[in-house]
Amino acid sequence: MKKIILLSSFISFLGMGQIADADFTATNIATKLHVPWEITWGPDNKIWFTERSGQGQSTTQPGTNGKVKRVDPETGVVETLLTITDSYESQETGVLGLAIHPDFTTTKPWVYVVYTYQKSGATNGTNTVTNIVEKMVRYTYQNNQLVNPTIILDNIYGNTTHVGSRLHFLPDKTLLMTTGEAQSRSNSQNLSSKSGKILRMNDDGSVPVDNPIANSLVYSFGHRNPQGLVAANGKVYSAEHGDVSNDEVNVIIPNGNYGWPNVWGYCDNLPTKPSNSPSDQPDLTLEKSFCTANNIVEPIWTSGNTSTEATAGLDYYPKDGSVSVLQNSLLLVTLKIGTSLGRDFRVLQLSEDGSSIVKQTVLFNNVFGRIRDICVSPVGDIYISTSNYDGRFSTSGTNPPVTDDRIVKLKYNKTVTGVSDDQKEAIHIYPNPTQGILNVNFQDGEKLTLLNVHGAEVAVYTVNNSSINMSELSSGVYLIKNSKNRIVGKVFKI
Ligand SMILES: [Ca+2]
Ligand SMILES: [Ca+2]
Ligand SMILES: [Ca+2]
């Protein structure tokens, strides 16, 4: 009995919600890359990523030959899967977003990539000739290469900056893509333009029948330059760059108008820092009336009226993730030092229903330099990618670190607790604590993996007679992972 009391007080201590840089161990997974713009966890348990160009450790632009690669986080072995010879990197452009089809391992071994390329005479939608356009191409994965390029979308307005390009598949297997306004602000409120939008399409690029506007890919509008996109909690979240203030995180609803360029941040009529090109700045004292007239959706988070931190990649840490202090949070990375913060990884803890942010924790403030993207592995480890060779590391000529750009693993090094209350109810295990035999409500034949409190796998059992026998394990706390790679329970071995 004494032992059980000790265990329960141990667990309640673990549930406390503080988190700090020292709680993570940072390990380089891949180094000397060139702006790994998208990092995403693949079905092969490798991290698939893009590089904006094939420049390696050079900040010289323009650059061509952007790449798709993947790295095995266990071994650090990097493979090149694709070189895109017609890609064009200049300032913020190049090979950018990437998404893997949800049916990749069965019927559709497809990978989607967004990149910019040069096209003579191309404009940004108004009368500015940029000679840059953007397209999305679908490739087939075959023999460790990406082959058979099929254009899904083309001729999206391009410019050297504000080109969005994050991709994300929804649970219904439709594909979302963010687009920037390509430095033509009027694109954002213009529903006939694909720019300054979040677009939704079928996996062949056609318009889903249930899109909010008939025969239109536009899913939401009034965006400036969204580079963060993730679906979770039955919701879609997006992060976008503000001008000189008001980076935003938004909950995206179908046909939602997010206000750009007439509304910056909240509908509050409050002044903000003057724009770098003040002639373009609207009269923000008119925000409230614009918001009312146009049913503007306000953000759930902003960087405020005096700062931008350049919000880039966004991911979600699930409610049943192994690190309890991160559960049900948006993970956001930033590129720029704002008024006081920036170039950081921040944890935006969501309310239970996911509709608001209840707490912000800033981690690794200017430790890794510019951070472009983030992904979470199925066992709850976090990976970030730097963006220090994108030409904006320094205004004083300082070179970026010689290891960069890199993909870094951030391993939580304190005890992990693992299981949300929902999950505890969903799985029935008894007795718990156990001396060895553990009865479980899983089908016979299901493979269950036991992890120690640091997330390392210690044993794999096959359910037999609705039980597993873990008597060989030493005393302690173990997490149970099912065959779908989800943490589903926690057991005490005594
Ligand atoms: Ca990502
Ligand atoms: Ca907005
Ligand atoms: Ca405002």
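Q: What is the mean pLDDT of the protein chain, and how many of its residues reach 70 or more?
A: The mean is 92, and 94% of the residues reach 70 or more. Here pLDDT is the predictor's confidence in each residue, on a scale from 0 to 100. This is a predicted model, in which local features need pLDDT of at least 70, side-chain atom pairs count only at pLDDT 80 or more, and totals for chains, interfaces and linings use all residues. Residues are numbered from 1 along each chain as its sequence is written, while chains are lettered from A and ligands numbered from 1 in the order in which they are written.

Q: Where does pLDDT stay under 50?
A: That happens over residues 1-16, for which the model has nine contacts beyond four places in sequence. A contact means that the C-beta atoms of two residues, placed from the backbone, lie within 7 Å.

Q: How many helices and strands does the protein chain have?
A: There are three helices and 32 strands. Both are DSSP runs numbered from the N terminus: helices are H or I with at least four residues, strands are E with at least two.

Q: What share of contacts between residues at least 6 apart in sequence joins residues at least 24 apart?
A: In the protein chain that share is 58%.

Q: Why does L450 count as buried?
A: L450 has 20 C-beta neighbours inside 10 Å, so it counts as buried. The label asks for 20 or more other C-beta atoms within 10 Å of a residue's own; 12 or fewer makes a residue exposed, anything in between partly exposed, and C-beta atoms are placed from the backbone. Across the protein chain, 48% of the 494 residues count as buried.

Q: Which residues is L450 in contact with, leaving aside its neighbours within four places in sequence?
A: They are V458, A459, M470, L473, Y478 and I480. L450 itself is found in strand 28 (residues 447-451). L450 and K481 are 31 residues apart in sequence, yet their C-alpha atoms are 6.3 Å apart in space.

Q: What makes strand 4 largely enclosed by the rest of the structure?
A: Six of the six residues of strand 4 (residues 66-71) are buried, so the description applies. G66, V68 and R70 point one way and K67, K69 and V71 the other, and all are buried.

Q: Which strands does strand 4 run antiparallel to?
A: Five bridges join strand 3 (residues 47-51) to strand 4, and six join strand 4 to strand 5 (residues 78-84). Pairing requires that DSSP finds at least two bridges between two strands. W48 stands opposite R70, and V68 has L82 in strand 5 as its bridge partner. The hairpin of strand 4 and strand 5 has six residues between the strands, and G76 takes a positive phi near 80° there.

Q: Why is strand 15 described as largely enclosed?
A: Five of the six residues of strand 15 (residues 235-240) are buried, so the rest of the structure largely encloses it. Strand 14 (residues 226-232) pairs with strand 15 in the antiparallel sense over six bridges, with A231 opposite V236. Their hairpin has two residues between the strands, and N233 in the turn has a positive phi of about 60°. Strand 15 is also joined by five bridges to strand 16 (residues 248-252), running antiparallel, where S238 has N250 as its bridge partner.

Q: Why do strand 10 and strand 17 each have one side without a neighbour in the sheet?
A: Five strands form an open sheet of mixed pairing in the order 10-11-12-13-17. Strand 10 (167-169) and strand 17 (256-257) stand at its edges, each with a single partner strand, so one side of each is left without a neighbour.

Q: How is the protein chain divided into domains?
A: Domain 1 covers 19-412 and domain 2 covers 421-493, with bounds from an automatic or database domain assignment. The contact takes seven residues from each of domain 1 and domain 2.
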